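Subject: A structure for you to explore

Hi there,

Here is the structure I promised to pass on. Have a look at it first, and then read my notes below.

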Amino acid sequence: MKNIIFHHPLPLDEKSKSASGIRPLRMLSAFRELGYEVDLVVGYSKERKKAIEEVKGNIKAGKKYDFVYAESSTMPNVLTDPHHLPLHPFLDWFFFRFCKKNDIPIGLFYRDIYWCFDAYGAGLNFSKVIVAKAAYRFDLWIYKRNLAKLYLPSEEMGKYIPTVSSDIHSPLPPGHTLPDVETRLPYDKDKKLKLFYVGGMSNHYQLHKLFCAVVNLPNIELTVCTREAEWLGVKHEYPDLTPNIKIVHLSGVEMEKQLNQSDIAVLFVKPQEYWKFASPVKLYEYLGYRKPILASEGTLAGKFVSENRIGWTLPYDVESVSECLQRLSEKSDATLAPRLALESVSLKHSWQARALQVVKELSK
């Protein structure tokens with residue numbers, strides 16, 4: 001039996017709806033599907049401390065581990081307890097150092113570098129921001145000394161990472177699980193062309209140009225699935241909704257049904273610096289459902305769509321997207337070419353493919 005250690009500084013939550021909560025579960029499942037026996041070092045510091053002692057006991061008793069795979073939180077390791085007090089500041093450092101000394105390579109997925117941007121901490125207590133940034137830098141200091149691989153959502157994010165050498169960077173974007181439902185048949189031009197977007201509506205996810213286009217295209221139907229509070233917070237920024245635009249607040253199977261009923265999935269967001277390296281989970285969810293994707297120029301997602309020919313990457317303006325959607329709605333086979341490309345592209349981006357990459361890079 002092949003053994004690995006899985007580290008995550010928070011409890012694993014099977015009911016999680018956030019990308020940061022879902023990803024560790026998907027990677028854990030993928031390793032198990034590949035035949036690995038996984039010992040968990042997860043949870044708050046008290047649980048991790050107990051698990052670390054058990055793993056150390058196993059190693060002293062002769063158990064062999066192929067590698068450690070770690071999934072970071074959006075918070076620094078020392079602040080992930082519910083009270084956010086660093087009561088065990090050296091717990092994970094000492095554990096990683098112990099593993100390295102015992103010749104067990106460590107690969108860690110580093111989730112986000114948002115804390116390095118000027119916008120981080122807006123509206124927060126200044127002293128808390130200082131402590132948090134120091135804790136983030138402490139994590140990177142630990143990683144520099146102990147990791148064999150620092151996995152990132154994209155290669156492009158690497159240039160924003162301080163401290164840790166790019167020599168150990170490796171892109172490990174999100175993956176997808178194949179849906180249990182039968183994917184929808186290609187678009188019928190006698191019906192409306194259905195667009196679907198799932199995700200946030202905050203400053204990072206601006207869809208204004210798409211809304212402005214679709215209100216004037218009655219043969220296009222746009223469904224936006226987002227949290228109710230986020231929609232209510234930005235609703236005043238968007239044009240009055242027409243009958244062909246629906247806002248829904250769904251998750252899980254109900255959201256997946258809506259996605260599956262669409263012809264084209266949407267990532268046509270306003271390009272910002274964040275989107276130059278962001279690798280959104282929704283991009284890979286769309287891949288799993290083999291949905292052609294409408295994306296915007298100036299984003300990493302748009303570059304991916306264009307290079308793999310799985311949709312349309314357009315300038316973020318009303319004229320470009322209006323012309324494209326009008327043209328697509330007039331052709332019954334408009335989505336055929338990207339759908340054919342998706343058949344092969346999607347296979348390369350499953351969660352199991354991500355786990356297999358880690359195995360190849362960390363196994364000796």
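**The open sheet**

Six strands, in the order β9-β8-β7-β10-β11-β12, make up an open sheet with parallel pairing. Strands here are DSSP runs of E with at least two residues, helices are runs of H or I with at least four, and both are numbered from the N terminus. Two strands pair if DSSP finds at least two bridges between them. β9 (245-248) and β12 (311-314) are at the edges with a single partner strand each, so one side of each has no neighbour in the sheet. From one strand to the next, the twist averages 20°. Axes are lines fitted to C-alpha atoms, for helices over the stretch in contact, and angles between N-to-C directions run from 0 to 180 degrees.

This is a predicted model, in which local features need pLDDT of at least 70 and side-chain atom pairs count only at pLDDT 80 or more, while totals for chains, interfaces and linings use all residues. Residues are numbered from 1 along each chain as its sequence is written, and side-chain values use heavy atoms, leaving out hydrogens and water.

Inside the sheet, β10 (residues 264-267) and β11 (residues 293-296) run parallel and are joined by three bridges. Ala-265 has Ile-293 as its bridge partner in β11. Helix α7 (residues 252-260) lies across β7 (193-198), β8 (220-225) and β10, at about 145° to β7; contact means heavy atoms within 4.5 Å.

Start with His-7, in strand β1 (residues 2-8). His-7 counts as buried because its relative accessibility is 1%; buried means under 20% relative accessible area, exposed over 50%, and partly exposed in between (1.4 Å probe, protein chains only). Residues that His-7 touches include Val-41, Tyr-69 and Phe-96, when residues up to four places away in sequence are not counted.

Now look at Pro-89, in the loop between β3 (67-71) and α3 (91-101). Pro-89 counts as partly exposed, at 29% relative accessibility. Leaving aside residues up to four places away in sequence, Pro-89 touches Val-78 and Phe-138. Its C-alpha atom is 9.3 Å from that of Ser-45, 44 residues apart along the chain.

**Charges over rings**

Arg-23 lies over the face of Phe-109, 3.3 Å from the ring centre. The charged end of Arg-97 sits over the ring of Trp-93, at 5.6 Å from its centre. The cut-offs are NZ of Lys or CZ of Arg within 6 Å of the ring centre and within 35 degrees of the ring normal.

Enjoy exploring!
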